[in-house]
Amino acid sequence: QVQLVESGGGLVQAGGSLRLSCAASGRTFSSLTMAWFRQAPGKERESVAVISNLGLRTSYVDSVKGRFTISRANAKNTVYLQMNSLKPEDTDVYYCAASPLGFGVGKYDYWGQGTQVTVSS
């Protein structure tokens with residue numbers, strides 16, 4: 001079992017930055033593929049960024065490429081999402097997710113409770 005706790009959400013003006021953090025416990029963190037998803041009310045959950053267990057591989061949805069950066073600190077059991085040049089359309093609840101499967105499999109068994117990000121225009 002893996003427990004995930006997100007933090008760092010909030011209200012920011014368009015063009016601003018936020019850094020989300022997700023602290024994990026309960027399983028060897030360095031064995032997990034980690035990801036950030038986001039979801040708006042009435043919409044499907046969208047994968048925003050994924051990072052492999054050792055941080056050697058990353059992938060992003062096209063809409064955030066060049067603006068968001070996913071990273072991880074295995075010694076701290078934490079994954080981050082640095083979000084720059086934020087846009088109002090980035091407003092969503094952001095979720096951290098973990099998978100014991102390899103990078104690219106896309107099946108996540110563990111989820112955090114979510115953190116709200118609101119970008120004002």
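1. A disulfide is taken here as a pair of cysteine sulfur atoms within 2.5 Å. By this rule the count comes to one disulfide. C22 and C96 form it, with their sulfur atoms 2.1 Å apart. The model is a predicted one, in which local features need pLDDT of at least 70 and side-chain atom pairs count only at pLDDT 80 or more, while totals for chains, interfaces and linings use all residues. Residues are numbered from 1 along each chain as its sequence is written, and side-chain values use heavy atoms, with hydrogens and water left out.

2. The link of C22 and C96 is left-handed, with -80° about the S-S bond. The pair links distant parts of the chain: C22 sits in strand β3 and C96 in strand β9 (residues 92-99), 74 residues apart. Strands (E, at least two residues) and helices (H or I, at least four) are DSSP runs, numbered from the N terminus. C22 and C96 are both buried, where buried means under 20% relative accessible area, exposed means over 50%, and partly exposed lies in between (1.4 Å probe, protein chains only).

3. Next, the sheet that contains β3. Four strands form an open sheet in the order β1-β3-β8-β7, with antiparallel pairing; two strands pair if DSSP finds at least two bridges between them. At the edges stand β1 (3-7) and β7, each with a single partner strand, so one side of each is left without a neighbour in the sheet. From one strand to the next the twist averages 15°. For such angles, axes are lines fitted to C-alpha atoms (for helices over the stretch in contact), and the angles run from 0 to 180 degrees between N-to-C directions.

4. The pairings can be taken strand by strand. β1 and β3 are antiparallel and share five bridges, and Q3 has S25 in β3 as its bridge partner. Strand β3 (residues 18-25) is joined to β8 by six bridges, again in the antiparallel sense; here L18 is partnered by M83 of β8. Strand β7 (residues 68-73) pairs with β8 over six bridges, also antiparallel, and T69 has Q82 in β8 as its bridge partner. Strand β8 (residues 78-83) is mostly covered, with five of its six residues buried.

5. Which residue takes a positive phi in the hairpin of β7 and β8? It is N77, with phi near 55°, in a hairpin that has four residues between the strands. N77 is placed in the loop between β7 and β8 and counts as partly exposed because its relative accessibility is 29%. Most residues other than glycine have a negative phi. S85 also has a positive phi, near 50°, and is a residue other than glycine. S85 lies in the loop between β8 and β9, and its 42% relative accessibility is why S85 counts as partly exposed.

6. Is T33 buried or exposed? T33 counts as buried because its relative accessibility is 4%. T33 is in strand β4 (residues 33-39). The side chain of T33 has a polar contact at 2.9 Å with the backbone oxygen of L101. A polar contact is a pair of N or O atoms within 3.5 Å; within protein, one must be able to donate a hydrogen and the other to accept it, and residues adjacent in sequence count only if both atoms are side-chain atoms. A polar atom of the T33 side chain also lies 3.5 Å from the backbone nitrogen of F103. Leaving aside residues up to four places away in sequence, T33 touches a set of residues that includes V50, I51, R72, A97, G102 and Y108; contact means heavy atoms within 4.5 Å.

7. The last point concerns aromatic rings. Rings of Phe, Tyr and Trp (its six-membered ring) pair if their centres lie within 6.5 Å; planes under 30 degrees apart count as stacked, over 60 as edge-to-face and the rest as tilted. By this rule there are three aromatic pairs. One of them is the edge-to-face pair of F37 and Y108, 5.3 Å centre to centre with 80° between the planes. F37 lies in strand β4 and Y108 in the loop between β9 and β10 (110-111), so the pair ties together parts that are 71 residues apart in sequence. Both F37 and Y108 are buried. Ring pairs link F37, Y108 and W111 into a cluster.
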